[in-house]
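Reader: I have this one open and want to go through the fold. Start with the terms, please.

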Amino acid sequence: MLRISQGLETPQLITSGNAARKSCQIDRALLEPEHPQHQHWMGQALQLAAAAGATGDVPVGAIVVDGQGRAIAQAENRKQRDGDPTGHAEILALQRAGRSRQNWHLNDCVLYVTLEPCPMCAGAIINARLGLLVFGAIDPKAGAICSVLNLPASAASNHRLPVIGGVLGQDCQQQLQVWFQQKRPDRFYTQPSENI
Ligand SMILES: [Zn+2]
């Protein structure tokens with residue numbers, strides 16, 4: 001199991017998902033960490049995250065892009081606003097993607113999210129049979145993809161998930177740092193996920 005305790009300096013293919021390639025329908029070119037599509041959509045996710053941060057929620061944004069390169073769902077963290085413990089950006093984006101297609105099976109889709117998913121979101125991602133996960137900043141406190149846990153590679157997972165981490169990672173990390181400095185200085189970026 002790969003454990004990453006430090007931030008990612010550059011985009012990296014964290015999990016190749018070799019065992020899943022037969023069933024995954026994503027373009028294999030997307031497994032290239034420097035693929036320009038990744039930076040584009042992560043930039044959009046950063047804007048969603050900023051909107052969340054402006055309203056008092058921890059800034060996290062997520063976008064689901066289908067096999068034709070179209071964004072079919074997007075969401076921002078709404079936990080505080082909605083009083084919803086499941087209101088994370090990834091959960092909301094996956095729900096909207098499934099509803100829009102009337103199909104929970106998202107194996108041709110890429111999920112972009114600005115922060116490494118937590119255990120709840122990682123579970124939802126596995127259940128969606130997602131084609132590829134691309135995230136920005138590492139969450140050293142509660143990340144469930146590669147830093148604290150690796151749920152996709154665990155015995156509880158029946159889906160081998162390709163993962164790229166660190167796309168616009170420094171921008172994503174800085175956004176969280178600035179938000180915590182301004183909104184919750186008492187908790188200044190010890191671990192961003194504590195209150196997501
Ligand atoms: Zn989450």
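Author: Two strands pair if DSSP finds at least two bridges between them. Helices (H or I, at least four residues) and strands (E, at least two) are DSSP runs, numbered from the N terminus. This is a predicted model: local features need pLDDT of at least 70 and side-chain atom pairs count only at pLDDT 80 or more, while totals for chains, interfaces and linings use all residues. Residues are numbered from 1 along each chain as its sequence is written.

Reader: OK. How many helices and strands are in the protein?

Author: The protein has 5 helices and 6 strands. Along the sequence they follow the pattern β-α-β-β-α-α-β-α-β-β-α.

Reader: And in what order do the strands form the sheet?

Author: The order is E1-E6-E5-E4-E2-E3, in an open sheet of 6 strands with mixed pairing. At the edges are E1 (12-15) and E3 (71-76), each of which pairs on one side only. Neighbouring strands are turned against each other by 20 degrees on average, direction ignored. Such angles are taken between axes, which are lines fitted to C-alpha atoms (for helices, over the stretch in contact); they run from 0 to 180 degrees between N-to-C directions.

Reader: How do E2 and E3 pair, parallel or antiparallel?

Author: Antiparallel, over 5 bridges. In one of these pairs, Gly61 has Glu76 in E3 as its bridge partner. The two strands form a hairpin with 5 residues between them, and Gly69 in the turn has a positive phi of about 80 degrees.

Reader: What about E2 and E4?

Author: E2 and E4 also pair in the antiparallel sense, over 4 bridges. There, Ile63 stands opposite Tyr112 in E4.

Reader: Then which strands run parallel?

Author: E5 (residues 132-137) and E6 (residues 163-165) do, joined by 3 bridges. Leu133 has Val163 in E6 as its bridge partner.

Reader: Back to E2. How many of its residues are buried?

Author: 5 of its 5 residues are buried, so the strand is mostly covered. A residue is buried if 20 or more other C-beta atoms lie within 10 Å of its own, exposed if 12 or fewer, and partly exposed in between, with C-beta atoms placed from the backbone. In a regular strand the side chains alternate between the two faces of the sheet. For E2, Gly61, Ile63 and Val65 are on one side and Ala62 and Val64 on the other, and both faces are covered. Over the protein, buried residues make up 48% of the 196 residues.

Reader: Which strands does H3 lie across?

Author: H3 (residues 89-101) lies across E2 (61-65), E3 and E4 (110-115), and runs at about 150 degrees to E3. H5 (residues 169-183) lies across E4 and E5, at about 55 degrees to E5.

Reader: How are the axes of H1 and H5 placed?

Author: The axes of H1 (residues 36-54) and H5 come within 11 Å and cross at roughly 5 degrees. H1 and H5 are therefore roughly parallel to each other. The classes are roughly parallel under 35 degrees, roughly antiparallel over 145, roughly perpendicular from 65 to 115, and oblique for the rest.

Reader: Which residues meet there?

Author: Leu46, Ala49, Ala50 and Gly53 in H1 meet Asp171, Cys172, Gln175 and Trp179 in H5. Contact here means that two C-beta atoms, placed from the backbone, lie within 7 Å. By class, the contact has 5 nonpolar, 2 polar and 1 charged residues. Ala, Val, Leu, Ile, Met, Phe, Trp, Tyr, Cys and Pro count as nonpolar, Asp, Glu, Lys and Arg as charged, and the others, Gly among them, as polar.

Reader: Changing topic: where does UniProt place the "active site" feature?

Author: At Glu90, in an unreviewed entry. UniProt positions are given in the numbering used here, feature names are shortened, and annotations may be inferred rather than shown by experiment. Glu90 lies in H3.

Reader: Is Glu90 buried or exposed?

Author: Buried, with 28 other C-beta atoms within 10 Å. Leaving out residues up to four places away in sequence, Glu90 touches Ala62, Leu111, Val113, Pro117, Cys121, Ala124 and Ile125.

Reader: Which residues does the "binding site" annotation cover?

Author: The unreviewed UniProt entry lists His88, Cys118 and Cys121. They are spread over 34 residues of sequence but cluster in space, with a largest C-alpha distance of 9.2 Å. Cys118 is in the loop between E4 and H4 (119-127), and Cys121 is in H4. Cys118 counts as buried, with 23 C-beta neighbours inside 10 Å.

Reader: What does Cys121 touch?

Author: His88, Glu90 and Ile91, again not counting residues up to four places away in sequence.
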